[in-house]
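Trainee: Can we go through this one together? I'd like to see how the labels follow from the numbers.

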Amino acid sequence: MKKIVCVALAAMLALSCAAAFADAPEYKLVCGIEENIGHQHDASCYTSWDELVCESTEEGHVHDETCYETVSFLVCGIELGRGAHSHTDECLAFSYE
Ligand SMILES: [Zn+2]
Ligand SMILES: [Zn+2]
Ligand SMILES: [Zn+2]
């Protein structure tokens, strides 16, 4: 009902609607969880080692760093985004205080 009045007033008087909603109940977050995107793999989630990829059979060839490739292997066992939370209606509760 308030909304209808406000829209009508705004149309007629071009007044801000904000005042009309000043006593509207506030929403409060009750989930206690911060919004987050969940687990993101970082360097500590991987183990890595240098693997020899050189197939040179050249005589006198000495392996240098270009003969190795860094291989990374995910070891954290946590799927990307696990534990993610984004607030939904269920995270909110009315507060009349
Ligand atoms: Zn991870
Ligand atoms: Zn080599
Ligand atoms: Zn939430």
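Mentor: Start with burial: a residue is buried if 20 or more other C-beta atoms lie within 10 Å of its own, exposed if 12 or fewer, and partly exposed in between, with C-beta atoms placed from the backbone. This is a predicted model, where local features need pLDDT of at least 70, side-chain atom pairs count only at pLDDT 80 or more, and totals for chains, interfaces and linings use all residues. Residues are numbered from 1 along each chain as its sequence is written, while chains are lettered from A and ligands numbered from 1 in the order in which they are written.

Trainee: Why does E55 count as exposed?

Mentor: E55 has 7 C-beta neighbours inside 10 Å, so E55 counts as exposed. E55 sits in the loop between β2 and β3; strands are DSSP runs of E, at least two residues, and helices runs of H or I, at least four, numbered from the N terminus.

Trainee: How many residues of β2 are buried?

Mentor: Zero of the seven in β2 (residues 46-52). For the chain, buried residues make up 0% of 97.

Trainee: What makes β2 and β3 a pair?

Mentor: Pairing takes at least two DSSP bridges between two strands. Seven bridges join β2 to β3 (residues 68-74), and the two run antiparallel; T47 has F73 as its bridge partner in β3.

Trainee: Where is confidence highest, and where lowest?

Mentor: On pLDDT (the predictor's confidence in each residue, from 0 to 100), β2 is highest with a mean of 96, and helix α1 (residues 2-13) lowest at 49.
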